[in-house]
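Trainee: Can we go through this one together? I'd like to ask as we go.

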Amino acid sequence: MCVVSILGVGGFPLIYPLGAQAEDNVSEEQPQLTPEVGKVLEYAQKALEAKDGTQALQYVMQASQTPHTNAFDNYMIQRMRAAACTEKEDLGCAMSAYDSLLGNSQTQPEERKLMLAAVATLAYRSNEYQKCENTALEYLHTVGYEATVASLSVQCPYVAEHWEDTIKAGETLSAVAEKTQNKIPEAALQMVAIAYGKLDKPQEERQTYLKLAGLYPNPHYWDFLLHEFMADQKLPQRLRFSLMRLRLEAGSEMTPQEFQDMAELAVQMDVPSLALKLLQIGSDKKILGVGDSQELEKQKRFKSFVELQVYKAHRGINEAIVQARKASSAGAMLSTGYELALEGHQDAGLTLMREGMRNHPNYPDIAELEYAMAEYDSGKKDSAIEDLGKISGNGPAHGLGLLWQKQLQSQSGK
């Protein structure tokens with residue numbers, strides 16, 4: 001006779017074969033339960049099938065008191081004890097039984113995986129968060145990736161408000177997920193982000209939200225990141241300019257003053273053609289070109305100023321290229337190349353910008369971001385999408401690059 005008990009613990013089924021008196025085709029070498037123990041465990045099995053954990057545990061106790069039990073008897077008694085204790089909701093008893101089974105050489109590797117997962121779940125339900133974390137991490141290290149255990153590895157230290165441990169567990173989970181080509185559970189990343197926030201580590205918190213935004217299409221993450229960038233008082237002007245453009249690209253409401261601010265920044269960057277392009281977008285959206293006579297006159301004067309800067313830049317572009325190369329100025333090469341690309345000479349302009357990037361700009365990451373934006377503005381959208389994901393470092397320029405990449409990918413359906 002072969003008796004089978006299936007125990008579901010937190011989504012992990014454990015199969016318990018109780019071979020009381022083995023079937024005719026079972027080899028003589030296979031471990032056997034003594035008849036006395038096998039008979040009592042069958043009663044325990046029936047109690048479990050009836051969802052009576054208390055009665056099942058009484059039969060387990062009776063089996064454990066049987067004289068002259070062998071090693072296999074004791075092993076199977078512990079397995080049934082784990083099932084009975086779990087059914088009874090005696091979580092401490094269940095964990096103790098599973099700990100004993102995990103240390104037993106008779107436990108097969110496949111069963112050990114399931115038992116580790118069960119212990120992690122039971123420890124969490126028992127509020128034994130350190131044991132839960134340790135067991136879940138052991139599973140990830142020795143077994144590999146499993147979504148529920150992966151979440152528990154971070155959730156246990158998080159619920160205990162052990163923020164450093166939450167982050168360390170997240171790092172372990174990231175390594176395992178990358179190795180096994182799995183996505184980190186969304187909830188786990190959310191908890192890591194909150195942990196960084198609790199430890200007042202805004203850059204790391206922002207990076208985690210960037211990862212969330214890249215893996216899971218939730219508008220909340222984009223809103224959070226945009227808000228964080230906008231609230232960053234230390235954000236350089238050139239990055240604030242990129243952020244304002246990103247808000248425009250994403251469909252955020254913009255005021256006439258914000259369009260003028262963007263255009264002014266573009267002129268200060270020595271890319272007046274970009275300033276004129278932004279003013280035209282504002283007009284097309286009916287944000288500029290409206291208002292009372294005083295406002296319209298103000299806008300008209302400013303646009304005339306920008307058009308004059310475009311004219312001057314166009315007339316002096318060749319000399320600007322010569323002077324930029326002569327001075328080996330990274331900044332001049334970047335801005336002149338950007339302007340040249342927007343005047344219709346994409347390849348020549350982008351080539352000059354790459355020369356500037358090789359001349360050690362003061363802020364290489366910002367230069368890389370502006371190069372990718374020049375690609376986009378000059379019609380090379382696919383190249384821009386690729387390069388926006390390659391911004392060096394992990395600072396705000398890198399973060400804005402990823403946000404721009406996701407925005408443009410969403411437009412392209414990629």
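**Cavity, rings and loops**

Trainee: What is the lining of the largest cavity like by class?

Mentor: The lining of the largest cavity has five nonpolar residues, three charged and one polar. Keep in mind that this is a predicted model.

Trainee: Which residues line the largest cavity?

Mentor: Arg238, Phe241, Ser242 and Arg245 are on the list, together with Met269, Tyr338, Leu369, Glu370 and Met373.

Trainee: Which helix gives the most to that lining?

Mentor: α12, with four residues. Helices α12 (237-249) and α19 (364-377) each supply at least two residues of the lining.

Trainee: What volume does the largest cavity have?

Mentor: About 60 Å³. The count of cavities of 30 Å³ or more comes to one.

Trainee: Switching to rings. How many aromatic pairs are there?

Mentor: Seven aromatic pairs. Take Tyr376 and Trp404: that pair is tilted, with 6.1 Å centre to centre and 50 degrees between the planes.

Trainee: Where in the chain do Tyr376 and Trp404 sit?

Mentor: Tyr376 is in helix α19 and Trp404 is in helix α21 (residues 396-412). They are 28 residues apart, and the pair links distant parts of the chain. α19 also came up in the cavity lining.

Trainee: Are Tyr376 and Trp404 buried or exposed?

Mentor: Both are buried.

Trainee: Which rings link into a cluster?

Mentor: Tyr209, Tyr221 and Phe224, through ring pairs.

Trainee: And which residue lies over the face of Phe229?

Mentor: Arg206 does, at 4.3 Å from the ring centre.

Trainee: Let's zoom out. How many helices and strands does the protein chain have?

Mentor: There are 21 helices and two strands.

Trainee: What radius of gyration does the chain have?

Mentor: The protein chain has 33 Å. A compact globule of 414 residues would have a value near 22 Å. The C-alpha atoms fill a box of roughly 105 × 45 × 35 Å along the principal axes.

Trainee: What share of the residues counts as buried?

Mentor: Of the 414 residues, 46%.

Trainee: Now backbone. Which phi does Asn127 have, positive or negative?

Mentor: Positive, about 65 degrees, although Asn127 is not a glycine. Most residues other than glycine have a negative phi. Asn127 sits in the loop between α5 (109-125) and α6 (129-142).

Trainee: What about the phi of Asp270?

Mentor: Asp270 has a positive phi of about 65 degrees, and it is not a glycine either. Asp270 lies in the loop between α13 (256-268) and α14 (272-284).

Trainee: Back to α5. Is Pro109 buried or exposed?

Mentor: Pro109 is found in helix α5. Pro109 counts as exposed because its relative accessible area is 59%, and exposed means over 50%.

Trainee: How many Å separate the C-alpha atoms of Pro109 and Phe72?

Mentor: They are separated by 17 Å, and the two residues are 37 residues apart along the chain.

Trainee: Where is Thr107?

Mentor: In the loop between α4 (91-102) and α5.

Trainee: Is Thr107 buried or exposed?

Mentor: Buried, because its relative accessible area is 11%, and the cut-off for buried is under 20%.

Trainee: How many Å apart in space are Thr107 and Thr180?

Mentor: 25 Å, C-alpha to C-alpha. In sequence, Thr107 and Thr180 are 73 residues apart.

Technical notes. Residues are numbered from 1 along each chain as its sequence is written. This is a predicted model: local features need pLDDT of at least 70, side-chain atom pairs count only at pLDDT 80 or more; totals for chains, interfaces and linings use all residues. Side-chain values use heavy atoms; hydrogens and water are left out. On a 1 Å grid over the protein atoms alone, a cavity is a set of points where a 1.4 Å probe fits but cannot get out, and a pocket is an open set with protein on both sides within 12 Å along at least five of seven lines; lining residues have an atom within 4 Å of a point. Grid points are joined across faces, edges and corners, and a volume is the space filled by probe spheres set on the points. Ala, Val, Leu, Ile, Met, Phe, Trp, Tyr, Cys and Pro count as nonpolar, Asp, Glu, Lys and Arg as charged, and the others, Gly among them, as polar. Rings of Phe, Tyr and Trp (its six-membered ring) pair if their centres lie within 6.5 Å; planes under 30 degrees apart count as stacked, over 60 as edge-to-face and the rest as tilted. Buried means under 20% relative accessible area, exposed over 50%, partly exposed in between (1.4 Å probe, protein chains only). A charge sits over a ring if NZ of Lys or CZ of Arg is within 6 Å of the ring centre and within 35 degrees of the ring normal. The radius of gyration is taken over C-alpha atoms; the globule rule is 2.2 Å times the number of residues to the power 0.38.
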